[in-house]
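This report concerns how two protein chains meet in a model. Please view the sequence and the structure below before reading on.

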Amino acid sequence: MNKKGQGVQFNWIFIVIAGVFVLMFFLGFLVKYMDIQDSKQNAQYGWDFKNHILGLKSTEQYSNFSAPRFKINYDCENIIINGDQGFSMPYSIFMEEIDSGEILFWVEEYHKGFLVDRVVFISDASKKYYFDEEYRSNIPPNIRLVSSASNADVVVSSDPLKVVDERDRKEIFVNNGMIEFVDDGERFLYDNDFFIYGAAFSNSEIFKCTQDDLEERFDILSELYISKISYLSSSQSASCTPLYNTLRNALTFSLTAAEIKSSNDNLINYGCEVVF
Amino acid sequence: MKRGQLQIQESIFVLFVFFIILVIGMVVFYQMEFRSIERMRKENEDVTFYYLISYVPAMPEVVCSEKGIVEECIDLVKARAFASYDNDYYRKIFGNRKIILNADGEKIELYDFEPSKYSAERIISTPVSVYNPRDKSYTIGKLEVHDYEN
């Protein structure tokens, strides 16, 4: 090959190598740019989601949230959007993994003698729920209820014939003060129907940590009410003191919700200021 | 030096300058992107901050209730008890903020986590109805939420 020919060949090799570098550079830039845009969008969904929950928590209510389809995971402390952005979520929530653009929210008060918290139930709005008749009255209209267990994505029943561990749906068996997640066999005691709805909206892991969180909140509020009792018993008539002591004991020893409530309600019958 | 070699060196130099300009452009672009992400974070934190002013008076820790039924006011005795309660539980909810209730000439710090260093402080406030169970009276109080920016 003559020298001129070698020069032309070298030029082409040089152009190809330089071209590959430029192309890789632009492709790398494009991929990174798309990653940033996705992260920005996930962050925005996360913030919207978090603020939506905070906005709802002031009162009992329900609402729906629409966005392009996205995936939400919750690990009891953070929500994770599309497996990317994590946002701390320091509120009591019942939910499990959601992969949808239409999400429903339901805020329900949890009482154990007194208001403990307003808990947020979150689910895919397209999910169909079957509840036994006795549990249907409290459910808000944005939740899709079906009358037959065979059409449901989630079945909550006290009838063992309706929860037969079908793989394509989630089943919750309610029996003798016990909630059982049929899929993994986890069982939990419950003292309020509120937790039956919690089980329908969450998995056993989330259910347990939300139940624990509510227990912690109950303990904090009990302490606050015991302080209030000390203040009130010193400012009310002496005849109120035994009644306040009864309520203090009910709170100190975490008696049942009914006992706590009746000890409080009893105060008004004797002209004493109620605690909650 | 031969003419061909000179041409190649010139081309390499042009490519080098081209890449330098490209890198500068990318750095500027990413900085703008990160600024826009930071702006977005701040805007959303603002929304959270404004939501708190309606969330705090409705919290079970301070809200009035009678026989389990919640009323739209703050219970002064509960607020005092809550102020003296030191628990990390609320740190994850309120973060670097301070929440003050001014009622009956009294200043009650419901929550206080003022960082040692901050660049700015913002305050929002709202009037609230305050109930004193001692004499069963209602007064108008002011609830303040202080937000500290780093």
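## The interface of chain A and chain B

In this predicted model, 52 residues of chain A are in contact with 51 residues of chain B. Between them the two chains bury about 4,700 Å², and 66% of this area lies on carbon and sulfur atoms.

Polar and charged pairs are also found across the interface. There are 13 residue pairs in polar contact between chain A and chain B, with both residues at pLDDT 80 or more. The count of salt bridges between the two chains is four. A salt bridge joins B:Glu61 to A:Arg217, and their closest N and O atoms are 2.5 Å apart.

Which elements of chain A each supply at least two residues of the side that touches chain B? They are helix H1, strand S6, helix H3 and helix H5 of chain A, with the residue ranges given in the table.

| Element of chain A | Residues |
|---|---|
| Helix H1 | 3–56 |
| Strand S6 | 115–124 |
| Helix H3 | 204–235 |
| Helix H5 | 257–269 |

H1(A) gives the most to this side of chain A, with 22 residues. Sorted by class, the side of chain A that touches chain B holds 26 nonpolar, eleven polar and 15 charged residues.

The domains of chain A complete the description. The domain assignment divides chain A into domain 1 (1–125), domain 2 (127–202) and domain 3 (214–269). Taken over C-alpha atoms, the centres of domain 2 of chain A and domain 3 of chain A are separated by 34 Å.

Key
Residues are numbered from 1 along each chain as its sequence is written. Chains are lettered from A and ligands numbered from 1 in the order in which they are written. This is a predicted model: local features need pLDDT of at least 70, side-chain atom pairs count only at pLDDT 80 or more; totals for chains, interfaces and linings use all residues. Side-chain values use heavy atoms; hydrogens and water are left out. Contact means heavy atoms within 4.5 Å. Buried area is the accessible area (1.4 Å probe) that two parts lose on being put together, summed over both. A salt bridge is a side-chain nitrogen of Lys or Arg within 4 Å of a carboxyl oxygen of Asp or Glu. A polar contact is a pair of N or O atoms within 3.5 Å; within protein, one must be able to donate a hydrogen and the other to accept it, and residues adjacent in sequence count only if both atoms are side-chain atoms. Helices (H or I, at least four residues) and strands (E, at least two) are DSSP runs, numbered from the N terminus. Ala, Val, Leu, Ile, Met, Phe, Trp, Tyr, Cys and Pro count as nonpolar, Asp, Glu, Lys and Arg as charged, and the others, Gly among them, as polar. Domain bounds come from an automatic or database domain assignment.
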